[in-house]
Amino acid sequence: MTNDHSGTHGAVLADIPPADADRPLVELRNAGKSYGNIRALHGVDLTVRPGKVACVLGDNGAGKSTLIKIVSGLHQHSEGEFLVDGEPVRFSTPREALDRGIATVYQDLATVPLMPVWRNFFLGSEITKGPWPVRRLDIETMKRTADEELRNMGIVLDDLEQPIGTLSGGQRQCVAIARAVHFGARVLILDEPTAALGVKQSGVVLKYIAAARDRGLGVIFITHNPHHAYMVGDHFSVLRLGTMELSADRDQVSLEELTNHMAGGTELTALKHELAQVRGVDVERLPEGRDLTAPVAEPGEEKA
Ligand SMILES: Nc1ncnc2c1ncn2[C@@H]1O[C@H](COP(=O)(O)OP(=O)(O)O)[C@@H](O)[C@H]1O
Ligand SMILES: [Mg+2]
């Protein structure tokens with residue numbers, strides 16, 4: 001596996017050791033976080049390896065954002081351990097996480113909509129040329145590099161001069177992923193990147209998650225969609241009310257089981273019990289511990 005993310009103007013991120021196929025990049029051990037009296041996260045384990053996608057699933061309020069805020073340096077854990085390259089860490093700022101190669105793509109992307117795609121690609125890390133005091137932006141190099149990096153990820157845009165605001169939500173996510181890869185990310189955190197997207201655009205984003213994985217990055221993919229998770233995931237962690245309800249490798253869990261965990265199998269069984277007391281609901285025909293909105297009757301069959 002190669003780990004050459006140095007780009008054309010040298011690595012921006014410092015001290016990046018080469019990826020070792022099986023060595024975890026990031027690990028949480030029995031980690032937790034309280035906000036004052038509120039225990040948002042408790043007893044969470046997570047291992048992120050190079051070239052693998054670790055999916056974190058869970059309903060609203062489950063603690064997904066809290067978890068990634070710890071890893072991305074926005075918050076500090078208040079229980080357990082957080083290790084990067086096997087070494088215990090405690091980040092005070094996202095910059096410290098970034099210096100260790102941990103990049104986060106947030107749902108509300110920090111882009112300047114009216115600026116061209118290539119300008120956004122280099123936002124805050126512009127390439128300049130010439131000696132002081134006549135140092136100026138190296139526009140040619142930036143355009144060429146952005147174009148190359150986007151193509152390397154399989155992203156082809158007609159015109160990098162177009163304002164990034166004219167791209168679709170899915171395309172903007174993809175530019176953000178390519179940007180993180182270019183600037184030397186080893187761990188890519190994606191907070192619900194497909195939540196606001198339609199089916200086709202979600203597919204595009206999933207494709208680039210796979211592309212980042214294939215380039216050897218460790219990916220933390222936050223989602224509440226088990227189907228999206230199962231398309232690219234190597235490991236699945238399901239959070240519920242701040243604790244880990246499931247932690248399973250791909251060969252230990254089927255899509256159906258994962259969906260079941262997400263739908264809250266036990267809660268649905270209880271709900272089914274309640275429904276049994278309501279006239280007109282044929283509980284026998286409700287699917288076993290599954291999404292109640294799934295079709296109950298076959299097409300053409302009479303509806304209960
Ligand atoms: N800054 C905060 N202060 C207090 N409570 C918080 C804060 N952030 C999150 N919480 C609480 O922690 C729990 C987990 O939230 P969060 O991590 O945002 O879940 P998710 O991203 O899975 O929806 C929720 O009960 C939420 O209200
Ligand atoms: Mg969240």
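**A walk through the chain**

Residues 24 or more positions apart make up 68% of the chain's contacts with a separation of 6 or more. Two residues are in contact if their C-beta atoms, placed from the backbone, lie within 7 Å. This is a predicted model: local features need pLDDT of at least 70, side-chain atom pairs count only at pLDDT 80 or more, and totals for chains, interfaces and linings use all residues. Residues are numbered from 1 along each chain as its sequence is written, while chains are lettered from A and ligands numbered from 1 in the order in which they are written.

The chain has nine helices and twelve strands. These are DSSP runs, numbered from the N terminus: helices are H or I with at least four residues, strands E with at least two.

Of the 304 residues, 37% are buried (20 or more other C-beta atoms within 10 Å of the residue's own, with C-beta atoms placed from the backbone). The largest nonpolar core holds 65 residues. Such a core is a set of buried Ala, Val, Leu, Ile, Met, Phe, Trp, Tyr and Cys residues joined through C-beta atoms within 7 Å. Helix H5, residues 169-182, gives the most to this core: seven residues. Among the residues with the most contacts inside the core are Ile 177 and Val 187. Beyond its neighbours within four places in sequence, Val 187 touches residues including Leu 25, Val 48, Ile 102 and Leu 217 by the contact rule.

Now to ligand 1. The residues around this ligand include Tyr 35, Gly 61, Lys 64 and Thr 66 (C-beta atom, placed from the backbone, within 6 Å of the molecule). Strand E2 (38-48) and helix H1 (64-71) each give two or more residues to the shell. H1 gives the largest share, three residues.

Conventions. Buried ≥ 20, exposed ≤ 12 C-beta atoms within 10 Å, placed from the backbone.
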